[in-house]
Amino acid sequence: MNSKIDQQVIKVIKKEYIKNDIPWYIGYSGGKDSSSMLKLVFNALKQIDFFHKPVTVLYCDTGVENPIVTTYVYDTFDKLKKECEQLNIPLTLKIVKPKLEDRFFVKVIGRGYPTPTNIFRWCTDKLRINPVKQLIDKDKKAVILLGIRSSESEQRDRTISKHKTNNQYYLKQSGSSKNIIFSPIINHALEDVWLTLRYNELPKSIDFEKIRAIYQDAESECPTYRESKGSSCGNSRFGCWTCTVVRKDKSMGNMIENGYSELKELYDFRNWISEFRDNVKYRCSFRRNGVKGLGPITLEGRKIILKKLLITEKISGLNLISQEEIKRIYELWEIDRINDNYSENALQQWL
Ligand code: SF4
């Protein structure tokens, strides 16, 4: 059964869908907000019988997502695909990934980037924004549906008022005049979101109990198609397990306490690397622009990180890095090995 606010939002979604033929992209992270929005879109489409434009649900798999969440999302996508086919709902489900060169470990272990901080937050564009943008930008115009809510936080309120339009449900997309953001749940309070998840029976594949089990409490989500600046999306179940923008990942700590013991090795690795990146002993004396200063992690340091990561992978039993990434890392080491600025402290034994 839909609540009053859900009924109203479903009406709005139907009206906006019918209005024109601009394709829709739904930013989905598996989190509560994007999940409740997706439920409402699904229910709105169920009440329409003329489908004239594509609606794509987009999930960005950065390769360093919290593995519990990634497993949940892939499983949900499988089930949702079948449910859409059965009920004739025209949703296309798509998973995008960062290009090899931009993957987290290729940057950190291959190129020697220190893991991200608030000051040097190189990750969000490369890992989350660009893979989604590349796909959406193929269309002349696009409407991007995001589960943004005005009551979420003060920071969010500031962003919303900076981007607001004449229509309360639409926000301008910074840096793009061709795309617009549609936030159907903009007026949903936190409680409404949980009620939406709980009381909208369809789609069954978006399972209230599973989402609640992953959360236990409410956390923010890392942006999918928003500004990369602003507050960190770390410390979120729906962010990267490697995130070192926050000093302590309370979210993963809570998950381990709640029984996800397989995350313990990942948690320890994250804590270790957030200290290791600041160890000047393992930093080159030249920046990438050739200027003297605190530069990339040395080849020796990168070798230590890879070794530690592979041990973490083995002990946790989780797949943390691909063979393709390891191959690229070795190639990048070769390039730095013959560059005087970055070959310092390079150990010969790994050659
Ligand atoms: S979760 Fe952290 S590491 Fe991942 S993109 Fe967001 S800020 Fe960067």
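The side chains of Arg328 and Glu101 are joined by a polar contact of 2.9 Å (a pair of N or O atoms within 3.5 Å; within protein, one must be able to donate a hydrogen and the other to accept it, and residues adjacent in sequence count only if both atoms are side-chain atoms). This is a predicted model, where local features need pLDDT of at least 70 and side-chain atom pairs count only at pLDDT 80 or more, while totals for chains, interfaces and linings use all residues. Residues are numbered from 1 along each chain as its sequence is written, and side-chain values use heavy atoms, leaving out hydrogens and water.

Arg328 sits in helix α12, residues 323-337 (helices are DSSP runs of H or I with at least four residues, numbered from the N terminus). With a relative accessible area of 18%, Arg328 is buried (under 20%, using a 1.4 Å probe and protein chains only). Leaving aside residues up to four places away in sequence, Arg328 touches Leu100, Glu101 and Val106 (contact means heavy atoms within 4.5 Å).

Over in helix α3, residues 67-87, there's Thr76. Thr76 counts as buried too, because its relative accessibility is 2%. Residues up to four places away in sequence aside, Thr76 touches Tyr28, Ser205 and Ile206.

Then there's a helix pair: α9 (residues 250-257) and α10 (residues 264-276) pack at an angle of about 155°, with axes 10 Å apart (axes are lines fitted to C-alpha atoms over the stretch in contact, and angles run from 0 to 180 degrees between N-to-C directions). So α9 is roughly antiparallel to α10 (over 145 degrees). Met252, Gly253 and Ile256 of α9 meet Lys264, Leu266 and Tyr267 of α10 in this contact.

Note on methods: Helix = DSSP H or I, 4+ residues; strand = E, 2+ residues; numbered from the N terminus. Parallel < 35°, antiparallel > 145°, perpendicular 65-115°, else oblique. Buried < 20%, exposed > 50% of the residue type's maximum accessible area, 1.4 Å probe, protein only.
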